[in-house]
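This report describes one protein chain, from its overall form down to a few single residues. Look over the sequence and the structure before reading on.

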Amino acid sequence: MDDESYIKLTLELARKGSGFVSPNPLVGCVIVKNEKIIGAGYHQKYGESHAEINAINNATEPVEDSTLYVNLEPCSHFGKTPPCVDAIIQKGIRKVVVGTRDPNPLVSGKGIEKLIKSGIEVKAGVLEKECIELNKFFFKYITKKSPYVTLKIAQTLDGKIADLNYISKWITTTSSRKFVHKMRAGYDTVLVGAGTVNLDNPSLTVRLTEGRNPKRIVLDTGLSSNPEAGIFQTEKNVIIVTAEKNSGKKKIIRKFEEQGVDFIFIKTAGNERLSLNAVLKKIGKLGISSVLVEGGNRVFTSFIKERAFDEVVTFISPKYLGNGIPVIGDIGINDIRKSLKLKLVKTEIIEDDVYIEMKK
């Protein structure tokens, strides 16, 4: 096997930590000696041992004179755990192959530099694009102090997300819904508006696949959410983001808090709307590195109008509805030449639906 093949293995291992290591990155590690894999590991849970340490501890023979493969530059600073580069040096590993440098200013380049100064051969930038994509949440969060935002849209062929009576609970197939539940498990939080909470009564949990439930965030400028809605009755892991002026509504706030709901209060602008950039910065301060936005129309419109997103994934069902609720409303563009253009990343057929992934 060549270097790229071993880095691909580290990426496969790293994905096993999805949903459990945030806001840390997903990291996998493979140790090779005499063309044989003698150790492997991944970062399993936030605050616990990093991938390199797990791989060293799992090794079936001494790792001296081996080659260590890792998708992200080994850390060189004390955080929740000691520096991984120190263990690599102490164990006498001969060569380290790195997928990509760590964007964290505490690490960036310093881990590689320390390894080289210790006489260890280092090769960096192997499958770098793939390694960066795997940790797109971490890269955005660590450099911008704001979470990576994905808009998840399920729509008909004519761009409707619900009928006029809001009784069209499922637009896409069961296979697409399973795909979405798997996505949820990998995000720190799922976000919807108060309208979706009151009209659709979603739980926003992971039920159709294995995985941990994300936090749920409700954008509720007017504090109009129904306290009896299902989202507040399941796991006590919900945050309501509302206007600062609602902080005086002690009675309703107390009712939510008794159900384990936390609050974020945001100053509104002159139009009495929440600034999404302010919301995302507040969310980021809580250590949330990724947000999956699941609607509805007003929320999608706001995120797109304010360009407060990184990626859009759309599930298109082969149905025409005609009259219905559109994906988005007015975003202030009236000229096709000024339209917001996205970059197509991926398309896929999921049962009868078309999956489209795009980036800003």
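In this predicted model, buried residues account for 52% of the 360 residues in the protein. The secondary structure consists of 11 helices and 16 strands. The radius of gyration is 23 Å, close to the 21 Å that the globule rule gives for 360 residues, so the protein is as compact as a globular protein of that length. Along its principal axes, the C-alpha trace spans about 65 × 45 × 40 Å.

Contacts can also be sorted by separation in sequence. Of the contacts between residues at least 6 apart in sequence, 71% join residues at least 24 apart.

The accessible surface of the protein is about 17600 Å², and 50% of that surface belongs to carbon and sulfur atoms.

**Cysteines**

How many disulfides does the count come to? It comes to zero.

| Cysteine | Nearest cysteine sulfur | Distance |
|---|---|---|
| Cys29 | Cys84 | 8.6 Å |
| Cys75 | Cys84 | 3.7 Å |

A disulfide is a covalent bond between the sulfur atoms of two cysteines. To be counted here, a pair of cysteine sulfur atoms must lie within 2.5 Å. Cys29 is buried, with a relative accessible area of 0%. Cys75 also counts as buried, at 8% relative accessibility.

**Helix 11**

Helix 11 covers residues 297-305, and its buried residues are Val299, Phe300, Thr301, Ser302, Phe303 and Ile304. What covers these buried residues? The cover includes helix 10 (276-284) together with strand 6 (148-156), strand 8 (189-193), strand 9 (215-219) and strand 12 (290-293). Just after helix 11, Arg307 takes a positive phi of about 55°.

**Phe263**

Phe263 is part of strand 11, which runs over residues 262-266. Is Phe263 buried or exposed? Its relative accessible area is 16%, and because buried means under 20%, Phe263 is buried. Apart from neighbours within four places in sequence, Phe263 is in contact with Leu223, Ile240, Thr242, Ile253, Phe256 and Glu257. Lys160 and Phe263 are 103 residues apart in sequence, and their C-alpha atoms are 31 Å apart in space.

Note on methods: Residues numbered from 1 in each chain as written. Predicted model: local features only at pLDDT ≥ 70, side-chain atom pairs only at ≥ 80, totals over all residues. Heavy atoms only, no water. Buried < 20%, exposed > 50% of the residue type's maximum accessible area, 1.4 Å probe, protein only. Helix = DSSP H or I, 4+ residues; strand = E, 2+ residues; numbered from the N terminus. Contact = heavy atoms within 4.5 Å. Rg over C-alpha atoms; globule rule 2.2 N^0.38 Å. Areas by Shrake-Rupley, 256 points an atom, 1.4 Å probe, with all protein chains shown as cover.
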